Amino acid sequence: MNKQLAQLVMERIEILAEFSVEPGRLTRPSFTDALRQANNQVSAWMQAAGMTTYEDGIGNLIGHYPADRSNAKAFILGSHLDSVRDAGKYDGPLGILVALAAVEELHQRGMRLPFAIEIMAFADEEGLRFQKSFVGSSVIAGRFDPQWLALTDADGATLEAAIQAFGGDLSMLEQDAKNPVTLLGYCEVHIEQGPLLEAQNLPVGIVTAIAGSGRANLRFDGTAGHAGTTPMDRRYDALCAAAEFVLAAEALASSQPGMVATVGKIAVQPGASNVIPGCAQLSLDLRHPDNTLRDEALLQARTLAEQISAKRGVALEWNVVQANPTTLCSPKLNGLLARAIETTGHSVIELPSMAGHDAISLATITDAAMLFVRCKDGISHNPAESVTTEDVAVSIEVISRLLELLAHE
Ligand code: HGY
Ligand code: MN
Ligand code: MN
């Protein structure tokens with residue numbers, strides 16, 4: 001049964017991977033036609049599994065599988081449908097489709113539970129388009145900041161306009177927050193995106209905590225000039241300052257165990273081979289499970305940028321765009337997940353997540369847990385991302401057993 005459902009999940013993963021804004025590779029930013037296609041397709045699958053569906057004000061797709069009684073609480077399952085640029089197929093959709101398979105199984109058996117199940121397909125987790133992560137799930141958690149509506153994408157479109165073009169309803173963003181008393185909890189299935197499960201030869205694992213992250217956008221402003229006529233000692237090259245910062249951030253993170261720092265984006269103006277770069281804009285993403293160490297490191301990174309700016313005579317702008325503390329997963333749900341995994345005959349392993357997830361938002365309003373699925377070679381945010389059908393079958397089994405255990409609570 002689960003083998004067949006796992007096969008179905010793998011087929012659906014391939015279908016969703018076709019919904020992209022770029023031909024030949026998977027790039028599905030929030031509020032685009034590609035996300036619209038994904039929402040519509042998943043909505044049709046949800047309805048076929050006995051769920052009613054709707055989109056909330058920001059475009060999160062929500063499927064509702066009723067309880068066996070009225071006024072029951074809801075247990076939420078889900079993940080996100082948006083992606084990074086040139087993404088893997090499993091980051092996000094796997095958690096939605098595994099949840100759907102578990103509901104499909106209940107539906108086929110004509111079973112309802114003492115609680116409703118809601119599957120949420122979040123509209124904007126990666127922050128690819130507006131440089132802000134967990135935006136969709138923030139609405140559910142009542143943490144959406146209306147100031148974010150003014151954020152702009154690379155084409156200058158605001159988040160507000162993007163939500164409206166997607167068919168969203170700005171007037172609902174506050175009301176769409178879930179009332180914690182109506183919730184039993186949240187569980188997100190996700191590809192591990194790291195190598196630990198593979199090293200232990202285990203199909204799934206339980207997440208203990210999701211490491212916090214800080215993100216800053218930097219801008220170095222120097223002086224554009226002629227690449228041939230400007231002597232080396234008369235230059236204010238913004239890209240050279242940025243390059244020095246990239247290596248300084250790498251050294252900073254390398255000097256502290258457990259710290260990771262990434263400059264994943266850089267844009268240079270005016271951007272011509274015979275012009276000295278006048279402006280360089282770059283992003284910094286810095287993570288560590290310890291909140292104090294991470295906050296200190298972000299301050300150190302800023303000091304390094306200021307020193308580079310002073311030494312090179314280029315101006316610096318530093319904007320912190322995100323600061324998420326580390327999120328602890330629910331010991332209660334983790335205990336149930338452990339029992340669910342034991343019934344599949346596999347060893348129980350706990351591991352931290354260095355990637356961010358929508359569970360961060362949900363954990364602010366209800367018990368939240370995550371089940372990781374083994375990831376080939378630990379590779380993610382890359383088209384080479386891969387999971388096996390067998391491991392997906394185990395994850396479906398674990399979620400089905402988790403729902404059963406919750407029903408007997
Ligand atoms: O960036 C992250 O950690 C996640 O994949 N959104
Ligand atoms: Mn991701
Ligand atoms: Mn993800």
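How far is an oxygen atom of ligand 1 from an N or O atom in the side chain of arginine 287? The legends below take up this question and others for a predicted model.

**View 1. Arginine 287 and ligand 1.** Here is the answer: an N or O atom in the side chain of arginine 287 sits 2.6 Å from an oxygen atom of ligand 1.

View 2. Look next at glutamate 126, where a side-chain N or O atom is 2.9 Å from a nitrogen atom of ligand 1. Glycine 356 takes part through its backbone: one of its backbone N or O atoms is 2.6 Å from an oxygen atom of the ligand. On its own, ligand 1 would expose 210 Å², and the protein buries 95% of that area.

**View 3. The residues around ligand 1.** The shell consists of Glu125, Glu126, Arg215, Arg287, Ala355, Gly356 and His381. Sorted by class, four of these residues are charged, two are polar and one is nonpolar.

**View 4. The two domains of the chain.** Domain 1 is assigned in two pieces, 2-210 and 326-407, while domain 2 covers 212-324. Where the domains touch, domain 1 contributes 11 residues and domain 2 contributes 14.

**View 5. Area buried between domain 1 and domain 2.** The size of an interface is often expressed as the accessible area lost when the parts come together. For this pair of domains the buried area is about 950 Å², with 37% of it on carbon and sulfur atoms. On the domain 1 side, the residues that lose the most area to domain 2 are Gln131, Thr326 and Met354, which together make up 63% of what that side buries.

**View 6. Polar contacts across the domain interface.** Which kinds of pairing turn up between domain 1 and domain 2? The rule finds nine residue pairs in polar contact across the interface, with both residues at pLDDT 80 or more. For salt bridges across the interface of domain 1 and domain 2, the count is zero. The side of domain 1 that touches domain 2 has five nonpolar, four polar and two charged residues.

How values were computed:
Residues numbered from 1 in each chain as written. Chains lettered and ligands numbered in written order. Predicted model: local features only at pLDDT ≥ 70, side-chain atom pairs only at ≥ 80, totals over all residues. Heavy atoms only, no water. Domains from an automatic or database assignment. Contact = heavy atoms within 4.5 Å. Buried area = accessible area lost by both parts, 1.4 Å probe. Salt bridge = Lys/Arg side-chain N within 4 Å of Asp/Glu carboxyl O. Polar contact = N/O pair within 3.5 Å; in protein donor to acceptor, adjacent residues only side chain to side chain. Nonpolar A, V, L, I, M, F, W, Y, C, P; charged D, E, K, R; others polar. Near = heavy atom within 4 Å. Areas by Shrake-Rupley, 256 points an atom, 1.4 Å probe, with all protein chains shown as cover.
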